[in-house]
Amino acid sequence: MPVSKFREELKNILIEPNTTTITSIKQILHENNYFNLSNAERRPILDQVLRCHVLDIVSSKPPNLYDVCKMWTSFTIELVRNEMCTAIMPVAILSDMFAVTTINVCEKIFDHVESNVNVLKEPRFFMASKNNLLRMCNDILRRLSRSQNTVFCGRILLFLAIFFPFSERSGLNIISEFNLENLTEYLNENHFDQTEYMPASIAEDEAKLDIIIEKENDDNNLYLKFWSLQDYFRNPNQCYETEHWKLFISHTDFIISSFQSHKSEHVNKIDNKSAEQNTYYFPKYLPNQKILKLQLSDVNFRRNILIQFLLLFQYLDAPVKFKLDSFKIKPEQQEWIKNSITTIYELINNTPPDGVRFSEVVKSILQREEQWNKWKNDGCPEVTKRLPTSDQSDMTAPKRRNLGDVIKNMTANNKVFLGDPDLTKLWNLKPDNLEACKRPERDFLPSFDSFFKEAFEQLDAELCIESQNKKVNDINFGWRALRLLARKSPHFFANSGDSIQKVPEYLENMIKKTLSKEEISINQEPDKHVSPNNEFKKESIIETEEIPKQIIDQVAAAIGEKWTILAEKLGYQPDKVTCKHV
């Protein structure tokens, strides 16, 4: 049995990992080929023998388990580099060790994992073992308590952040989801009873009883409003609903005013090192009614809550790619948020120690958060390092990217490439272009006067404006102007029998005709029943004296039965023209 002989030979060699052991294994694998096994058959056998041997050693609970872990991990790394076993073996052995040891031992062994992060990031190890390493870390995290093993959990998450590339999508919250399972349980109104445990002497004194009940009502009100805000921090999208928004601003104003009335407690430390050692941070605070006032005076607690407000305000007004179109705040809401942010930064500045410096750090973090959000909105493009300045001076102009590579990259990010930068930007504003076109802010129409004001002023010969610099020669202006004329009246495009003009010439003629009609109508009263499609309608017309009734009767007699033709010329639609006999 060649396989069993090969396995027994390896067991005899793997007593203690050293250079001699590697040489012996190399001789068995390459020099002594009497087992008649190929490389694809030998490596899995060595992997299995190695894992079983190390697992037996760890299960025996040696006193120097950290040294054992370090020794065998380094040994398997050398085996991989000498192409004697598969690249997954270092992580596989570490996973076996973590699976059979206690949490305290795992925390010590993890030091060796952190020290070898650069080795595990090498291409030969990374591609083969990244999924197994992620699975190993998740298995450890499932065994840990977030309240008791907070530091160890943080070390694992930091290791994963260092190990995986910055643009690794598996570690990114691409669609900006919130952890809705992060509930904060606190007492509700039904749990409060003012008369419970009230001494009889106080219960009989109505004056004292009213004062105590009023004080307890204030404390209960503060407690309920304070901890109810955690639900908005957990799910900020509630603030886009009218009822929730009213409740949120009411509670927020109350809590901020409470922070302003409660002074924070801080004892100046002479020794900065001892001060840092005595500073404790909590991932989540206790929602206990009796300690709330003490918490309001605690520096770390105040900063924690105030930063939560700033993060929430930033999200409400941030352009997040996967937000619903209805998730928008109004101008008055923006004004309230702006005033609240100013007040919060004043509270942070007045909170010792180093309030002003801490405020600057918070602003820097929030600015980085905006850049992070923009990067995610752009589809998380790959981040590359910039070349040093010395190298850049020697480089020529960058080569133009192939069109196929550009289209492939845009397609991978679910974007459209149309060749023109403006069109490409327009078609990639929103994931769904049809829904973006239905947005209410796109439904607008500029007024006739405001749109043509600049073009009309340029017709003045005294300004001496060159033809190529006139507004009517701008392609974008001409396109929009024709659309606006079409919306006003179809008579702008009626066939008059004249030769076809260029767009700039046509627009100049239309502006001149409009001007002449306006001058004629200055001394006349504007007809309040003129159709909104009338091509010569103006928003503001100078009011003058009324036309005498005698003149009106003469004009009416002259028009006679041809008034329908006049109505059509004035821009009335056929369905608006009806015959009524008086």
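**Entry 1: the loop between α3 and α4**

I began at the loop between α3 (39-59) and α4 (65-81), where Lys-61 is found. The model is a predicted one, and I read each value below as computed from it. I looked up the backbone of Lys-61 and found a positive phi of about 55°, although the residue is not a glycine. Most residues other than glycine have a negative phi.

Which form does the peptide bond from Pro-352 to Pro-353 take? I found this bond to be cis, with omega near 0°. Most peptide bonds are trans.

Asp-354 also has its place in the loop between α16 and α17. I noted a positive phi of about 55° for Asp-354, which is not a glycine. Its relative accessibility is 55%, so Asp-354 counts as exposed.

**Entry 2: the chain as a whole**

I looked up the totals for the protein chain. I recorded 26 helices and 0 strands. The chain has 582 residues, and buried residues make up 30% of them. I also asked what share of the contacts with a separation of 6 or more is accounted for by residues 24 or more positions apart. The share in the protein chain is 70%.

**Entry 3: helix α15**

I examined helix α15, which runs over residues 299-316 and has 18 residues. From its first C-alpha to its last I read a reach of 26 Å, close to the 26 Å expected at 1.5 Å a residue. How many of the residues of α15 are buried? I found 14 of its 18 residues buried, and the helix is thus mostly covered. At the N-terminal end, α15 is capped by Asp-298. A side-chain oxygen of Asp-298 lies 3.3 Å from the backbone nitrogen of Asn-300.

**Entry 4: Phe-233**

I located Phe-233 in helix α11 (residues 206-234). The relative accessible area of Phe-233 is 15%, under the 20% cut-off, and the residue is therefore buried. Which residues does Phe-233 touch, not counting those up to four places away in sequence? I listed Gln-308, Phe-309 and Leu-312. I also compared Phe-233 with Phe-178: they are 55 residues apart in sequence, and their C-alpha atoms are 9.7 Å apart in space.

**Entry 5: Asp-96**

I found Asp-96 in helix α5 (residues 89-99). At 17% relative accessibility, Asp-96 counts as buried. Leaving aside neighbours within four places in sequence, I noted contacts of Asp-96 with Arg-51 and Leu-55.

**Entry 6: helices α22 and α23**

I finished with helix α22 (residues 448-457) and helix α23 (residues 475-488). Their axes come within 11 Å and cross at roughly 145°. I recorded the crossing of α22 past α23 as left-handed. On the side of α22, the contact is made by Phe-448, Phe-451, Phe-452 and Ala-455. On the side of α23, I listed Phe-477, Arg-480, Ala-481, Leu-484, Leu-485 and Lys-488. How many residues of this contact are nonpolar, polar and charged? I noted 8 nonpolar, no polar and 2 charged residues.

Conventions:
Residues are numbered from 1 along each chain as its sequence is written. This is a predicted model: local features need pLDDT of at least 70, side-chain atom pairs count only at pLDDT 80 or more; totals for chains, interfaces and linings use all residues. Side-chain values use heavy atoms; hydrogens and water are left out. Helices (H or I, at least four residues) and strands (E, at least two) are DSSP runs, numbered from the N terminus. The expected span of a helix is 1.5 Å times one less than its number of residues. Buried means under 20% relative accessible area, exposed over 50%, partly exposed in between (1.4 Å probe, protein chains only). A polar contact is a pair of N or O atoms within 3.5 Å; within protein, one must be able to donate a hydrogen and the other to accept it, and residues adjacent in sequence count only if both atoms are side-chain atoms. Axes are lines fitted to C-alpha atoms, for helices over the stretch in contact, and angles run from 0 to 180 degrees between N-to-C directions. A crossing is left-handed if the near helix is turned anticlockwise from the far one by less than a right angle, and right-handed if clockwise. Contact means heavy atoms within 4.5 Å. Ala, Val, Leu, Ile, Met, Phe, Trp, Tyr, Cys and Pro count as nonpolar, Asp, Glu, Lys and Arg as charged, and the others, Gly among them, as polar.
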